[in-house]
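Here's a quick briefing for anyone meeting this structure for the first time. Have a look at the sequence and the model, then read on.

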Amino acid sequence: MIIPKESKLTAEQLSEVKGIVEEYGCKLQTIVGHHRTIYAVLGEERKTIMVNRILGLDFIDRFDAVDSPFKLMDIHSELSYHKLKIGSVTVGEEPLIIAGHCTVDPKNPNLFIETAHAVKEAGASALRGGVWKPRTMPYSFQGEDSSIEIILEAREQTGLPIDTEVMDDHQLKVALNAKVDILQVGARNALNYSLLRKIGETTQESGTAVLLKRSIGMGPINEFIAAAEYIVAAGNADVMLCPRGTQPTIDGYRNYPDESITPILKERTWAPVIVDPSHSVGRAHYVPSAAMAAMSYGADGIVVETHINPKVGIGDDPKQAIRPDDLKQLISGINEIWEIRKNYRAQKIAVG
Ligand code: PEP
Ligand code: MN
């Protein structure tokens, strides 16, 4: 990873560096960081002569070879200075609460608009709404392009940034055209490496954030981090990691709640952790405690299915969505945990 002296390389400097790394069979990837733009060397980055030639350039500050299977996502990478802003929230500085429908119902657009206002009122910082849905059965409602207009209208009316899942090139194009703020990669596609790479490539300049769910069957935590590495290595460092429960499950819950991996993710990588308690436990009445647990484990926020009237919702909403009133109460609990966490850290520092 090449770190320039100034905030970024000029076109001329970039082409000089590119020329050197390509001579050694590597590829240079520009990653626009919050702190400064960095240049990842993809390939074998420890070739001494290549490194020395780069270090010899007077506009280069450092060459950091991170000794990690995921050198960009690694906690020791220069990207640990990277800050992600979603709407008015700088992630990590206050809780990020993404709330809204599992599925947008194109036949009842007002439901989504009403939910959008209600979650804003409850204190949410961003809005979720599934335009396209990964469904177990091919005969179930799969979502449709027209719903993009509904989420755009909700964003327009509330000013909340919007999160929606994309599963293929067509959906990605439509979502990027609509300037969606957060692209969700669902549990089923968390291991779809060509989609991850495509998303990284196409979002690097649009400033679109990516919420990467943990795959249902994902075992090792590094496999999850490596999936995020695909997006960052393709150019977009605005990535958030989203544990959402795995399988096999605990009897009674939809999935095996995995919010407890949050401290491990935080130890290994700089990426924000936004937990999804809805798909983890799968029942509205278990969601608040799972969300509070996630925040206690150190999550930066949650993504929670919320509906103005769950029983008329579609997709997961009838069983999983909480109501805006419950969300309001939950957010107040989350803010309390946030304060407790801050004080606890301060105390630990004082003791240590
Ligand atoms: C969703 O967020 O509605 C969803 C389908 O989630 P997951 O990909 O985690 O199953
Ligand atoms: Mn859902």
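Predicted model: local features only at pLDDT ≥ 70, side-chain atom pairs only at ≥ 80, totals over all residues.

Residues are numbered from 1 along each chain as its sequence is written, and chains are lettered from A and ligands numbered from 1 in the order in which they are written.

**The domains**
- The chain is assigned domain 1 (2-65) and domain 2 (85-348), with bounds that come from an automatic or database domain assignment.
- Between the C-alpha centres of domain 1 and domain 2 there are 34 Å.

**Where they touch**
- Six residues of domain 1 are in contact with four of domain 2; contact means C-beta atoms, placed from the backbone, within 7 Å.
- On the domain 1 side, strands S2 (27-31) and S3 each give two or more residues (strands are DSSP runs of E, at least two residues, numbered from the N terminus).
- S2 gives the most to that side, with three residues.
- That side of domain 1 has three nonpolar residues, three polar and no charged (Ala, Val, Leu, Ile, Met, Phe, Trp, Tyr, Cys and Pro count as nonpolar, Asp, Glu, Lys and Arg as charged, and the others, Gly among them, as polar).

**Tyrosine 39**
- You'll find tyrosine 39 in strand S3 (residues 38-42).
- Tyrosine 39 counts as buried because 23 other C-beta atoms lie within 10 Å (20 or more are needed, with C-beta atoms placed from the backbone).
- Leaving out residues up to four places away in sequence, tyrosine 39 touches Ile2, Leu9, Val17, Leu28 and Thr30.
- Glutamine 320 is 281 residues apart from tyrosine 39 along the chain, and their C-alpha atoms are separated by 42 Å.

Terms used:
Helix = DSSP H or I, 4+ residues; strand = E, 2+ residues; numbered from the N terminus. Buried ≥ 20, exposed ≤ 12 C-beta atoms within 10 Å, placed from the backbone. Contact = placed C-beta atoms within 7 Å.
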